[in-house]
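Trainee: I'd like a close look at one single spot in this model, and then how the rest of the chain is put together. Can you walk me through it?

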Amino acid sequence: MTIKSRLLLLTTLILALFCFLAWLSMRVMAEGIIVSWVERYAEKQIQYDKVRTLLPLIQEVKLSKEFAQLESLKAWAKQPFDEGLKQEALKDAEAFRYRFSDDSYFIALKGSEQYFYSDANEASKQDLYRYTLDETKPADAWFYQIMAKKLDLHLNVNPDVELGLVKLWSDVLIRDGDDVLGVVGTGLDLSDFLYQMVEKQDIYSAIVFTNYEGSIQLHQKTELIDYAAVTKQAQDKKLIFQLLDDDISRKKLKQGFELAKQETNQVETYSLQKNGVRQLASVIYIPEIDWFQVNFIEIDNFLPLAEFSGLLLMFFICLVCALVIVHLLLTVMVTKPLGELDLSIQALANNKDRAPFLSRFAVPEIKRLASHYQTMATSLLEYQHELEDKVAERTAELSRISILDPLTELYNRRGFEAHMVEYMQKWQQYEQPFSLINLDVNEFKSINDQYGHAVGDLVLQKIAAYLMDIVGEDGVVARWGGDEFLILVTQEKSQNSISARLKSTEATVKVLVNGAYVTVKFSVGSASVQKNDTLESLLHRADKAMYFEKFHGAFRNE
């Protein structure tokens, strides 16, 4: 073998080794960039999924806690066989029912072990009693387990055999101090809730909701849900850890649960093996419902590394073809272009778009690689910015919806309370006066009973438009609940003028129904802020003034 042949062979071996190392390093860098970008995407996606998917459930939990605090309900729970207390409690419960999105509630009392249930179909029945709980029945074990463990809040998917329902139940204890009097709550239709999860699911991720021990509470596949988890033994439960392929992955996920619970709203991410592929698991703890949300993302779905193989092979062939002059042109044709590409990749890791600056001596293959990379980098950054914009836009929309009443487009209780808090602070700091006007629709129930809820909704919308026309820029109008409206007025002159107009005999709203006009009148009460006032005391005085006007007006009409 000649020296030339030996040199060519040695150079070939060196170049082959160099090409292998170059391919390996590029693969590692590309993989690192992909994993880093997926982690950022996962953090944003899981925060967005939390708000989008769980907002209705968190709202139901909040309402269930309010429901458990009804004084009439507590009084009945203390004396469960008192018929008068029962009727008063069920009356308040029925009034509260419309606030639940599923239009239903249940009451289970410890003293009588009786179970009551009401929904839109059952509300017309006088007796809402359904059955008596039995500690020996497995189907009723949830009730006794929740009270025994004193779980102030318990969420679980559980079939009610007696009622023939499968719902996502939010269970809240009725407490009198340290004494547990029973369990109340509501349920979300499981089919609808899971449909929303699947319908709105991001194409790259899969969501799982669990409790602290990993029991699966919600999953797109209903067969994986751990129904009635609170009553099961450990060996019978369906855990999220069982979905993973190895013990190392299970250990990582358990560690993620512990860290996520210590750092509320902090996203923990881990690379795991699931279904035979590498996936990125993002974990966040949701304290409002004491659940964990886990998002699984298949990393290779974002940018399969196999796409680099053809380019790298072409790069290797070009280098082999240049063996004769490789020692002269390596720097200007290969090293510098790769350095530029490396800088661009590092810039992409920091969310910056830096185009590689290639000289005219760079080989065409590297130029094409850089061009493909630049197209990929631009697409990734544009997609990330578009995703961030969508998240911001949807977050803003959710924030707007959360403070408005969907029927009347007026502020709801939450939105109006923010205004009241703001003006109360101004009053406490600068003694800037303001007033509240409480307006209640007279005989609104009879309108619903006579013409139906559709007409009732139309009446509420007309009233809202009427109030906005009267108040204009002089105050803030809100639908406080049902047929009750509140107006916050910042000027005494405006308050007197608005109150006078609302109390006048001409203050009516007419709605055309079936060719005839339905006339709606109001009862109006107002109160101005006073020294040492609180929001509760101010609301109470306005409410009291309204009821005084309602009943005295009724007396005068007689």
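Trainee: Where in the chain's secondary structure does Lys426 sit?

Mentor: Lys426 is in helix H10, which covers residues 413–430. Before we go on: this is a predicted model, where local features need pLDDT of at least 70 and side-chain atom pairs count only at pLDDT 80 or more, while totals for chains, interfaces and linings use all residues. Numbering starts from 1 along each chain as its sequence is written, and side-chain values use heavy atoms, leaving out hydrogens and water. Helices (H or I, at least four residues) and strands (E, at least two) are DSSP runs, numbered from the N terminus.

Back to the lysine. Lys426 counts as partly exposed because its relative accessibility is 26%; buried means under 20% relative accessible area, exposed over 50%, and partly exposed lies in between, with a 1.4 Å probe and protein chains only. Setting aside residues up to four places away in sequence, Lys426 touches Glu431 and Gln432, where contact means heavy atoms within 4.5 Å.

Now zoom out. The chain has 14 helices and 17 strands, and 44% of its 558 residues are buried. Of the contacts with a separation of 6 or more, 59% link residues 24 or more positions apart.

Where do the greasy side chains go? In soluble globular proteins, nonpolar side chains tend to be buried together. Here the largest nonpolar core has 35 residues, and Phe67, Leu73, Trp76, Tyr105, Ile107 and Trp291 are those with the most contacts inside it. By nonpolar core I mean a set of buried Ala, Val, Leu, Ile, Met, Phe, Trp, Tyr and Cys residues joined through side-chain atoms within 4.5 Å. Helix H1 (3–68) gives this core its largest share, 5 residues. Take Ile107: beyond its neighbours within four places, its contacts include Phe67, Leu73, Trp76 and Val183. There's also a second, separate core of 29 residues, with Leu410, Ile437, Tyr466 and Val489 among them.

Next, an open sheet of 4 strands, ordered E13-E14-E12-E17 with antiparallel pairing. Two strands pair if DSSP finds at least two bridges between them. Strands E13 (475–481) and E17 (522–528) are the edges, each pairing on one side only. From one strand to the next, the twist averages 20°; axes are lines fitted to C-alpha atoms, for helices over the stretch in contact, and angles run from 0 to 180 degrees between N-to-C directions. Strand E12 (residues 435–441) and E17 are joined by 7 bridges, and Leu439 has Val524 in E17 as its bridge partner. Lying across E12, E13, strand E14 (484–489) and E17 is helix H12 (residues 453–471), at about 160° to E13.

One last stop, a hairpin. Strand E10 (residues 277–286) pairs antiparallel with E11 over 8 bridges, and Ile284 stands opposite Gln293 in E11. The two strands have 4 residues between them, and Asp290 in the turn has a positive phi of about 55°. Strand E11 (residues 291–298) is largely enclosed by the rest of the structure, because 7 of its 8 residues are buried.
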